[in-house]
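Open the model in your viewer and keep the selection panel at hand. We start with the whole chain and then zoom in.

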Amino acid sequence: MNVAVIGTGYVGLVTAACLAEIGHSVIGMDDVPSKVATLQAGGLPIYEPYLAELVTRNMVSGRLSFTDDVAVSVRNATVIFICVNTPPLPSGEADLSYVENATRRIASIANGYACIVQKSTVPVRTGQWLERTMNIYSEYPEAEYDVASNPEFTREGMAVEDFLHPDRIVLGVKTDRAERVLRELYAPIVEGRFECPIHRECSAGQGIQVQVTDLSSAELIKHASNSFLAMKISYANMLADLCEVVGADIRQVVKGIGSDKRIGSSFLNAGIGYGGSCFPKDLKAFVNIAEKHGVDFSLLREAERINEARVEMVLQKLRKALWNLKGKRIGLLGLAFKPGTDDIRSAPALVIAKRLLADGATVVGTDPHATRVAEEVPGLSIVKDAYEVARGAEALILCTEWPQFRELDWAKIKTRMMHPFILDGRNALDCESLRASGFEVVGIGI
Ligand code: UDX
């Protein structure tokens, strides 16, 4: 099947590469010529496991190409994915001008049949606007199109794996034709008919639910899923605060809660809070949509407030351990919003760094992949590894639970520190053995 993907950010690039990998002929289109040039030259603008090999292999086989010309990508495509960004406006609403612009350009070019699929995270009812935009701006009377919503649920750092092995595929459609086209598109994944680039042997295709819905329900599912997960994290963080006061251990508490199948154990790890390009933005946008429609979403506002308060919690713990922060050297282990990615968007580590700098501390950080943070946080020094971070530090804060931080030579770290204090912001270190080696260690809710 011929597929066009408009927008080659995280979502678009993964979609394009994975659809080519399962046998489709895909053209990725982006307005930024330098990005297209990088991709055409075999480079990748982002780090994502397995993505480079998928892009290279499928470019070589001729199933994947990139262009900055929307006409080239759209002209022969049966399925057109819109994967452009929807950045937040100051009000918290999503800026949909890129989506509208992409749709208008498709309308001016498409002259046969195309199923236009919204994959960017958008407010409910965007599909209706998309259809209206196509109706108004379509330049060819013979053009036929369906509009669909196919939200993505891929996690950064796991995007290729999640795309090829999803729990569910949601198809929001208005016509049987659109359902047929999209079922055919995803058939290799649903039926396990592809050679998995990740696992030697795997259960590709098993247990995948294809849920066909109306357009608005599909659009809601994405925001509602992310908000629910964010709410779970804030719930665990709220419990962690109580655990500290009453002398309980949040790790035991969430283990006890999570073993109830109705609740489930994932997304209950307490820590310095969630970040990333999705949860903070999606929660804000979802609250905004609900309130615009007169529905009280204060439950989600509270989840957001709890998350934002995590930074103050970190500062309080530091002040308790160090008294004043002014002039003290504080080290950050991990800057990315989570392990497995170089993404620093809404990363709690950067918010913490800004607050510490504002308090007059000297802040030094390191991350295995997220190293381009200098412009984001002026004053934050980035060094090559944890041992450099530890030099002269009065406290280390583990902000991102990269596995390599668990395997550090802690004796070496201790000799370099001015004062051996560790704040384990993700409850990821072996506190007992660190304490036995002479560190003062504080976790979250333990
Ligand atoms: C999320 C959704 O999981 C994915 O389905 C959607 O498509 C995009 O948004 P992502 O932003 O990549 O994916 O990250 P995720 O793994 O969900 O983690 C989000 C944040 O929550 C991270 O900052 C992580 O550190 C934090 N988190 C996660 C916790 O603090 N505790 C947990 O128990 C789990």
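The radius of gyration used here is taken over C-alpha atoms, and the globule rule is 2.2 Å times the number of residues to the power 0.38. For 446 residues that rule puts a compact globule near 22 Å; the protein has 24 Å, which agrees.

This is a predicted model, in which local features need pLDDT of at least 70, side-chain atom pairs count only at pLDDT 80 or more, and totals for chains, interfaces and linings use all residues. Residues are numbered from 1 along each chain as its sequence is written, and side-chain values use heavy atoms, with hydrogens and water left out.

**Select everything.** The C-alpha atoms fill a box of roughly 75 × 50 × 45 Å along the principal axes. Switch to cartoon: there are 18 helices and 14 strands. These are DSSP runs, numbered from the N terminus (helices: H or I, at least four residues; strands: E, at least two).

**Colour by burial.** Buried means under 20% relative accessible area, exposed over 50%, partly exposed in between (1.4 Å probe, protein chains only). Buried residues make up 52% of the 446.

**Select residues 113-118.** This is strand β5. Is it enclosed or open? Five of its six residues are buried, so β5 is largely enclosed by the rest of the structure.

Two strands count as paired if DSSP finds at least two bridges between them.

**Finish on Phe81.** Opposite Phe81 stands Val117 in β5.
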